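Biologist: Can you walk me through this model? Keep it simple, please.

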Amino acid sequence: MLGRLVLPGRQHIGVLWTIVVGIAAALTGMSIAAGIGVADTRGVDWIELFVQMGLAAVGVAAVDRAKVRV
């Protein structure tokens, strides 16, 4: 849901697609954070969280554009 909040305007995708994109973004973001060495920090992993939110926003925008074209 945070990915949708970052994007301006209204997105025309359902809750199920939002959840699927969010899960994929979370898993991909964890892998990227582990790859750059910021996955294991003390406290909140802010960099990992921002990477995941950015990926979720890109994913929601991509799915929204794909659904509009169909």
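Modeller: We'll go from the whole chain down to single residues.

Modeller: This is a predicted model, where local features need pLDDT of at least 70, side-chain atom pairs count only at pLDDT 80 or more, and totals for chains, interfaces and linings use all residues. Residues are numbered from 1 along each chain as its sequence is written, and side-chain values use heavy atoms, with hydrogens and water left out.

Biologist: How many helices and strands does the chain have?

Modeller: There are 3 helices and 0 strands. Both kinds are DSSP runs numbered from the N terminus: helices are H or I with at least four residues, strands are E with at least two. The order from the N terminus is α-α-α.

Biologist: And what does the C-alpha trace span?

Modeller: About 45 × 20 × 15 Å along its principal axes.

Biologist: What share of the residues is buried?

Modeller: Of the 70 residues, 29% count as buried. Buried means under 20% relative accessible area, exposed means over 50%, and partly exposed is in between, with a 1.4 Å probe and protein chains only.

Biologist: Which residues make up the largest nonpolar core?

Modeller: The core has 6 residues: L7, I13, V21, A57, V60 and V63. Helix α3, residues 46-69, gives the largest share, 3 residues. A nonpolar core is a set of buried Ala, Val, Leu, Ile, Met, Phe, Trp, Tyr and Cys residues joined through side-chain atoms within 4.5 Å.

Biologist: Take V21. What is V21 in contact with?

Modeller: Leaving aside neighbours within four places in sequence, V21 is in contact with A56, G59, V60 and V63. Contact means heavy atoms within 4.5 Å.

Biologist: New topic: charges. How many positive and negative side chains are there?

Modeller: The chain has 6 positive and 4 negative ones, and the centres of the two sets lie 16 Å apart. Lys and Arg count as positive, Asp and Glu as negative; His and the chain ends are not counted. Each charge is placed at NZ of Lys, CZ of Arg, CG of Asp or CD of Glu.

Biologist: What about D64: buried or exposed?

Modeller: D64 is buried, yet has no salt bridge. A salt bridge needs a side-chain nitrogen of Lys or Arg within 4 Å of a carboxyl oxygen of Asp or Glu. The nearest side chain of opposite charge, R65, is 6.6 Å away. D64 sits in helix α3.

Biologist: Which residues does D64 touch?

Modeller: R10, Q11, H12 and I13, not counting residues up to four places away in sequence.

Biologist: Where is H12?

Modeller: H12 is in the loop between α1 (2-6) and α2.

Biologist: Why does H12 count as exposed?

Modeller: Because its relative accessibility is 52%.

Biologist: Now V38. Where is that one?

Modeller: V38 is in the loop between α2 (15-36) and α3. V38 counts as buried because its relative accessibility is 18%. Not counting residues up to four places away in sequence, V38 touches A33, D45 and I47.

Biologist: How far is V38 from L7?

Modeller: Their C-alpha atoms are separated by 25 Å, and they are 31 residues apart along the chain.

Biologist: Last one: why is A61 partly exposed?

Modeller: A61 counts as partly exposed because its relative accessibility is 25%. A61 lies in helix α3. A61 and P8 are 53 residues apart in sequence and 10.0 Å apart in space, C-alpha to C-alpha.
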